[in-house]
Amino acid sequence: MKAGIVEDEAVWREKIRAVIERYCRDKNIPFQIESFRNGKDFMKNADFDLLFLDIELVEGEDGFGIAKQLMNSGSKCKICFLTSHTELARAGYRVNAFRYIDKRHLEEIDEALDAFLKTRIQDQVVFCKDTAGRCISINLNALLLVETYGRKLRYLMLDGSEHVCEGQISEAAKRLSQSGFFRVQRSYIVNLKYIEKADSRRITLCNGLEVAIGRTHGNEFKKEFFKWRMWFGN
């Protein structure tokens, strides 16, 4: 996760940074944070996933104007406005604000980060070569499972469609592990999001498919599934 902070007061920049760093370390989430004292410097390199943006800035700037520039640039960065005057939040609908955080209650940043991760952890695609050598994109949010298929891999989608691609399951498991997928046995990687129920021996996916849990994978699966449900479950 790459987060930006635009805040003209150094003391607030450090306080906000500390909350984000603590959250990411507690949840073992890779992160990068950059801080800016004004929007002009920020817009020189505005490639961020999430932005914590003060509404009231000095030097003739305001957060809504910066947010509008960001929106017009085509950026997908989500914006959390920071303010001590919550009545200003009403104007944020014009720039698709993600959250409003009262500076007097910075603990609200935790909830914003929780919500952000829910929207982004599988909001991405992976690229694979199919059996014809073509590069295809696979939307992780619509991927149910990956299984070995002879010497290839079969990507089964939620709608029942499938893609047979080159690759090794060990490499696929490593690549997908940071996006809510887990290798439950030698031949299967499943999307934790679509597990309907699970016990010590097998899981049942939302389409009714049952997959056995390998003996050497059981304990680690329990931990990962519990973390997923705790962080991202409904």
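## Close-up views of a predicted chain

Buried residues make up 46% of the 234 residues in this chain, where buried means under 20% relative accessible area, exposed over 50% and partly exposed in between, with a 1.4 Å probe and protein chains only. The model is predicted, so please keep in mind that local features need pLDDT of at least 70 and side-chain atom pairs count only at pLDDT 80 or more, while totals for chains, interfaces and linings use all residues. Residues are numbered from 1 along each chain as its sequence is written, and side-chain values use heavy atoms, with hydrogens and water left out.

View 1. Helices (H or I, at least four residues) and strands (E, at least two) are DSSP runs, numbered from the N terminus. Along the principal axes, the C-alpha atoms fill a box of roughly 65 × 40 × 25 Å. The chain exposes about 13,000 Å², and carbon and sulfur atoms supply 47% of that area; accessible areas come from the Shrake-Rupley method with a 1.4 Å probe, and for residues only the protein chains shown count as cover. Of the contacts with a separation of 6 or more, 50% join residues 24 or more positions apart, contact meaning heavy atoms within 4.5 Å.

**View 2. Five strands form an open sheet in the order 10-9-8-12-11, with antiparallel pairing.** Strand 10 (162–165) and strand 11 (181–185) each have a single partner strand, so one side of each is left without a neighbour in the sheet. The twist averages 20 degrees from one strand to the next; axes are lines fitted to C-alpha atoms, for helices over the stretch in contact, and angles run from 0 to 180 degrees between N-to-C directions. Look for strand 9 (residues 152–157), which pairs with strand 10 in the antiparallel sense over four bridges. Two strands pair if DSSP finds at least two bridges between them. Arg154 has Val164 in strand 10 as its bridge partner.

**View 3. Three strands make an open sheet in the order 13-14-15, again with antiparallel pairing.** At its edges are strand 13 (195–198) and strand 15 (210–212), each pairing on one side only. Neighbouring strands here are turned by 25 degrees against each other on average, direction ignored. Three bridges join strand 13 to strand 14 (residues 202–205) in the antiparallel sense, and Ile195 stands opposite Leu205 in strand 14.

**View 4. Phe36, Phe42 and Phe48 are linked into a cluster by ring pairs.** Rings of Phe, Tyr and Trp (its six-membered ring) pair if their centres lie within 6.5 Å; planes under 30 degrees apart count as stacked, over 60 as edge-to-face and the rest as tilted. The count comes to seven aromatic pairs. Phe36 and Phe42 have ring centres 5.6 Å apart and planes at 75 degrees, so this pair is edge-to-face. Both Phe36 and Phe42 are buried.

**View 5. Phe221 and Phe225 form a stacked aromatic pair.** Their centres are 5.4 Å apart, with 10 degrees between the planes. Both residues lie in helix 6 (residues 218–232), four residues apart, about one turn of the helix. Phe221 is buried, at a relative accessible area of 3%, and Phe225 is buried too, at 13%.

**View 6. Lys2 lies over the face of Phe48, and is 4.9 Å from the ring centre.** A charge sits over a ring if NZ of Lys or CZ of Arg is within 6 Å of the ring centre and within 35 degrees of the ring normal. Arg99 lies over the face of Phe98, at 4.8 Å from the ring centre.
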